[in-house]
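Here is a short report on one protein chain. Look at the sequence and the model first, then read on.

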Amino acid sequence: QVQLVESGGGLVQAGGSLRLSCAASGRTLMRYTMAWFRQAPGKEREFVADVMWSARITHYADSVKGRFTISRDTAKNAVYLQMNSVKPEDTAVYYCAARLPPEGDWEWGQGTQVTVSS
């Protein structure tokens, strides 16, 4: 199993930027698809973005497309989510996740809180 630890969450003003980090241990991420999900109070967890480690193919939810960028660093075995032009509706707990394609079970980090003030 891979262990995932998120960091970088906090309070940010609308229109500002925040960079989330996900540090992985226990496994190399070379074979994995990495993703960010988020969950707001009272809502289901939703997909935000993902990246296939080797192919560097990315996908984004329509709600964040053009504002958020997912990236990875092989040397650090880490994944990042650069959040620009944040909106109050981006407020949520953000979770890093990893799985082996095509349909492996997701493995989850503990989450990091992002709060966007208006």
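Arginine 56 sits in the loop between strand 5 (46-52) and strand 6 (58-60). Strands here are DSSP runs marked E of at least two residues, numbered from the N terminus. Arginine 56 has a positive phi of about 60 degrees, although it is not a glycine. Its relative accessible area is 62%, so arginine 56 counts as exposed. The cut-offs are these: buried means under 20% relative accessible area, exposed means over 50%, and partly exposed lies in between (1.4 Å probe, protein chains only).

Serine 85 is not a glycine either, yet it has a positive phi of about 50 degrees. Serine 85 is in the loop between strand 8 and strand 9. With a relative accessible area of 40%, serine 85 is partly exposed. A cis peptide bond runs from proline 101 to proline 102, with omega near 5 degrees. Proline 102 belongs to the loop between strand 9 and strand 10 (107-108).

## How to read the model

The model is predicted: local features need pLDDT of at least 70, side-chain atom pairs count only at pLDDT 80 or more, and totals for chains, interfaces and linings use all residues. Residues are numbered from 1 along each chain as its sequence is written, and side-chain values use heavy atoms, with hydrogens and water left out.

In what order do the strands of the open sheet of four strands stand? The order is 1-3-8-7, with antiparallel pairing. Two strands pair if DSSP finds at least two bridges between them. Strand 1 and strand 7 (68-73) are at the edges with a single partner strand each, so one side of each has no neighbour in the sheet. On average, neighbouring strands of this sheet are turned by 15 degrees against each other, direction ignored. For such angles, axes are lines fitted to C-alpha atoms (for helices over the stretch in contact), and angles run from 0 to 180 degrees between N-to-C directions.

Now look at strand 8 (residues 78-83). Six bridges join strand 8 to strand 7, and the two run antiparallel. Phenylalanine 68 faces methionine 83 of strand 8. Threonine 69 stands opposite glutamine 82 in strand 8. Strand 7 and strand 8 form a hairpin with four residues between them. In that turn, asparagine 77 has a positive phi of about 50 degrees. Strand 3 (residues 18-25) is also joined to strand 8 by six bridges, again antiparallel. There, alanine 23 has alanine 78 of strand 8 as its bridge partner. Five of the six residues of strand 8 are buried, so strand 8 is largely enclosed by the rest of the structure.

## A buried glutamate

Glutamate 6 lies in strand 1 (residues 3-7). Which side chain of opposite charge is nearest to glutamate 6? It is arginine 45, 7.5 Å away. Lys and Arg count as positive, Asp and Glu as negative; His and the chain ends are not counted. Glutamate 6 is buried, yet it has no salt bridge. A salt bridge is a side-chain nitrogen of Lys or Arg within 4 Å of a carboxyl oxygen of Asp or Glu.

The side chain of glutamate 6 does have backbone nitrogens beside its polar atoms. The backbone nitrogen of cysteine 96 is 2.6 Å from one such atom. For the backbone nitrogen of glutamine 110, the distance to a polar atom of this side chain is 3.0 Å. Glutamate 6 also touches other residues (heavy atoms within 4.5 Å). Among them are Ser21, Cys22, Trp36 and Tyr94, not counting residues up to four places away in sequence.

## The salt bridges

How many salt bridges does the structure hold? There are four. One joins the side chains of arginine 38 and glutamate 46 (2.7 Å, N to O). Arginine 38 is buried, with a relative accessible area of 5%. Glutamate 46 is partly exposed, at 36% relative accessible area.

Arginine 38 also meets aspartate 90 in a salt bridge (2.9 Å, N to O). This pair links distant parts of the chain, 52 residues apart: arginine 38 is in strand 4 (residues 33-39), and aspartate 90 is in the loop between strand 8 and strand 9 (92-99). Both arginine 38 and aspartate 90 are buried. Salt bridges that share partners join Arg38, Glu46, Arg67 and Asp90 into one network.

Lysine 65 and aspartate 62 also form a salt bridge through their side chains (3.2 Å, N to O). Are these two residues buried or exposed? Lysine 65 and aspartate 62 are both exposed.

Note on methods:
Polar contact = N/O pair within 3.5 Å; in protein donor to acceptor, adjacent residues only side chain to side chain.
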